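Open the model in a viewer and keep the sequence panel beside it. The stops below say what to select next and what is there.

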Amino acid sequence: NLSHGCIKKSTREEVLEAAIFSVIRNQIDLAVDMKKLLVRFNESSAYQKHIRNLQRNIQTLQQKIKRITTLKNTLFESFDNGTISEEDFLYMKERYNGENAGLKEELEQLTQELSKYTEELTAKNKWITSFERYAKEQILTREMMLELVSRVWVWADNRFEVVLNFKDEFRLIISNVKGAEAVCQTHSLSI
């Protein structure tokens, strides 16, 4: 019983609760199917190879950034002890700053991509785990409503709309899986 203060339920409320539960049940089924797809995707050799490549590229960029930082530090020492001119110092400093900024931008992009693969495109995705938690439920509960439903719009003509939390997660996962497959195919990998 989701109502607070009303002892008697109207038929319309019972129908609405059943319809909301049906919408949630469909999302639960989608989440379970999506989890199976993501488990297969995450176990694929193409996915594993792509993750290793991302990690290796991130590590390489971090090393390059560290090397440039060291070069910048020695550059100042060279200027300070008179080994290079002020003009050379300013030129090299600007060059190192530009390289460093480009590498940091590239590192941020790769880190975001790795995060997408390891946090969103996984069976532990928040959408999947939230809906999956209620897979065995046979009736609509208050807890289920609070976690999974953003709002329910009800009109006088008996129409209603259920707005779910995580409403864009399914589409996001699908588009990211398709994008990931395309990336893997571009690099001559197969899923």
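Is Phe76 buried, partly exposed or exposed? Select Phe76: its relative accessible area is 47%, so the residue is partly exposed. Here buried means under 20% relative accessible area, exposed over 50%, and partly exposed in between, with a 1.4 Å probe and protein chains only.

Before going on, note that this is a predicted model, in which local features need pLDDT of at least 70 and side-chain atom pairs count only at pLDDT 80 or more, while totals for chains, interfaces and linings use all residues. Residues are numbered from 1 along each chain as its sequence is written, and side-chain values use heavy atoms, with hydrogens and water left out.

**Whole chain**

Colour by secondary structure. The chain has 6 helices and 2 strands, in the order α-α-α-α-α-β-β-α from the N terminus. Helices (H or I, at least four residues) and strands (E, at least two) are DSSP runs, numbered from the N terminus. Of the 191 residues in the chain, 31% are buried.

**Phe76 and Phe89**

Phe89 is buried, with a relative accessible area of 10%. The ring centres of Phe76 and Phe89 are 6.1 Å apart and the planes lie at 65°, so this pair is edge-to-face. Rings of Phe, Tyr and Trp (its six-membered ring) pair if their centres lie within 6.5 Å; planes under 30 degrees apart count as stacked, over 60 as edge-to-face and the rest as tilted. The pair links distant parts of the chain, with Phe76 in helix H2 (residues 45–80) and Phe89 in helix H3, 13 residues apart. By the ring rule there are 6 aromatic pairs. Select Phe41, Tyr47 and Tyr117 next: these residues form one aromatic cluster.

**Helix H3**

Now select residues 86–120. This is helix H3, with 35 residues and a reach of 49 Å from first C-alpha to last, close to the 51 Å expected at 1.5 Å a residue. The expected span is 1.5 Å times one less than the number of residues. Buried residues of H3 include Met92, Tyr96, Asn100, Leu103 and Tyr117. Lys104 is also in helix H3, and is partly exposed at 47% relative accessibility. Draw a distance from Lys104 to Ile65: the C-alpha atoms are separated by 7.4 Å, and the two residues are 39 apart along the chain.

**Hairpin**

Move to strand E1 (residues 149–154) and strand E2 (residues 160–164), which pair in the antiparallel sense over 5 bridges. Strands pair if DSSP finds at least two bridges between them. Val154 has Phe160 of E2 as its bridge partner, and Trp153 stands opposite Glu161 in E2. E1 and E2 form a hairpin with 5 residues between them, and Asn158 in the turn has a positive phi of about 75°.

**Largest pocket**

Last, select the lining of the largest pocket: Gln27, Val162, Val163, Leu164, Asn165, Phe166, Lys167, Asp168, Phe170 and Arg171. On a 1 Å grid over the protein atoms alone, a pocket is an open set of points where a 1.4 Å probe fits, with protein on both sides within 12 Å along at least five of seven lines; lining residues have an atom within 4 Å of a point. E2 and helix H6 (169–186) are the elements that give two or more residues to this lining. E2 gives the most, with 3 residues.
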